[in-house]
Structure formats: structure tokens, C-alpha cells
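These are my notebook entries on a structure that I had not examined before. I record what I looked up, in the order in which I looked it up.

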Amino acid sequence: MALNKPPGGAVLAAAIAFLVGATGGYAINEVISSGRQTDLEHEVARLKNEASQNAITDVPSDEEASAALAKSGRSMRVSECRPRQAVPGVTCSGIITTTAGSFAGTSQPGVLSFAKIDGVWRQIQ
């Protein structure tokens, strides 16, 4: 009793077809996932750009800060401003100079808060 063995060529052809199919499927899957990854990278870049544009805060110049302080006899050279957390406006640090009164001309570092009201910067508490 002899067992019928499939011819060697058929087994070889089946093995080659399997390898080509598996490799082709892998390659197609890589192209698709690569495309998705590229799309996600573009979306992340777009969202970062949008967030950075929204994060740009309007801050007073030295002249605008000094104009807001003019009634109190002070001026300010702004070093840095940051958005306030709970209320609109910015908190600025810098050098505050007294411009009137017996202490006129004295300077000291300080932190003051400002808000733009009706297009004009005002000092706020």
C-alpha cells in the first residue's frame, strides 16, 4: 500500500503563494497604518499650532502700563506678563518708578495686574 504523495511542485507553489500573500498583506497593512500615522501627526501639528495661536496673550507695553499708573504717580518698565488664572487680564512684573511726590525717582521691583477695558489698559486689583 503506497501513500499518494502530492507532487513536490504543488507543495512548493503553495508555499510560495502563502509567503507572497503573507508578505503582501503585511506590506499593505504597513502602508495603511503609515498613512494613518501621518494623518495623526498632521492633526497633532495642526492642534498644537492652533493652541499656540490661542495662547498668545495681549500684554501692555511699557507706555501703556505707565499710562494706566499715571494717576497714582507711578510708571512701570514691564519685564514679563502672564495671563491671570481666575479673571481676565495679565499680571506683570517689572520695575515700578515713583514719578510724583516726595519719593519721586525711586524705583523698585514689583508685580501689578492689568486688564484691557474698552481698548485701554487699566490697573486692576
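Predicted model: local features only at pLDDT ≥ 70, side-chain atom pairs only at ≥ 80, totals over all residues.

**Entry 1: Ser113 and its surroundings**

Leaving aside neighbours within four places in sequence, I found Ser113 in contact with Arg84, Val90, Thr91, Arg122, Gln123 and Ile124. One of these partners, Thr91, also makes a polar contact with Ser113, side chain to side chain, at 3.2 Å. I then located Ser113 in strand β3, which covers residues 107-117. Is Ser113 buried or exposed? Its relative accessible area is 11%, and Ser113 counts as buried because this value is under the 20% cut-off.

**Entry 2: The overall plan**

I next looked up the elements of the protein. There are 2 helices and 4 strands, and from the N terminus they follow the order α-α-β-β-β-β. The protein has 125 residues, of which 14% count as buried. Among contacts with a separation of 6 or more, 33% involve residues 24 or more positions apart.

**Entry 3: The largest nonpolar core**

Which residues make up the largest nonpolar core? I listed 11: Ala65, Leu69, Met76, Val78, Cys81, Val90, Cys92, Ile96, Leu112, Phe114 and Trp121. Two or more of these residues come from each of α2 (62-69), β1 (74-83), β2 (90-98) and β3.

Not counting residues up to four places away in sequence, Val78 touches Pro60, Ser61, Asp62, Ala65, Cys92, Ser93 and Gly94. Gly94 in β2 is also the residue that stands opposite Val78.

I turned to the pairing of β1 with β2. These strands run antiparallel and are joined by 9 bridges. They form a hairpin with 6 residues between them, and in its turn Gly89 has a positive phi of about 115°.

How many disulfides does a search of the whole structure find? It finds 1, and this disulfide joins Cys81 to Cys92 with an S to S distance of 2.0 Å. The two cysteines lie 11 residues apart, Cys81 in strand β1 and Cys92 in strand β2, and the pair links distant parts of the chain. I recorded the link of Cys81 and Cys92 as right-handed, with 105° about the S-S bond. Cys92 has 0% relative accessibility and therefore counts as buried.

**Entry 5**

I returned to β3 to see how it pairs with β4. Strand β4 comprises residues 120-124, and it pairs with β3 in the antiparallel sense over 5 bridges. Across this pairing, Phe114 stands opposite Gln123 in β4.

The hairpin of β3 and β4 has 2 residues between the strands. I checked Asp118, which lies in the loop between β3 and β4. Asp118 is not a glycine, yet it has a positive phi of about 55°. I noted this value because most residues other than glycine have a negative phi. Is Asp118 buried or exposed? At 79% relative accessibility, Asp118 is over the 50% cut-off and so counts as exposed.

Key:
Residues numbered from 1 in each chain as written. Heavy atoms only, no water. Buried < 20%, exposed > 50% of the residue type's maximum accessible area, 1.4 Å probe, protein only. Polar contact = N/O pair within 3.5 Å; in protein donor to acceptor, adjacent residues only side chain to side chain. Contact = heavy atoms within 4.5 Å. Core = buried A, V, L, I, M, F, W, Y, C linked by side-chain atoms within 4.5 Å. Disulfide = S-S within 2.5 Å. Pairing = 2+ DSSP bridges.
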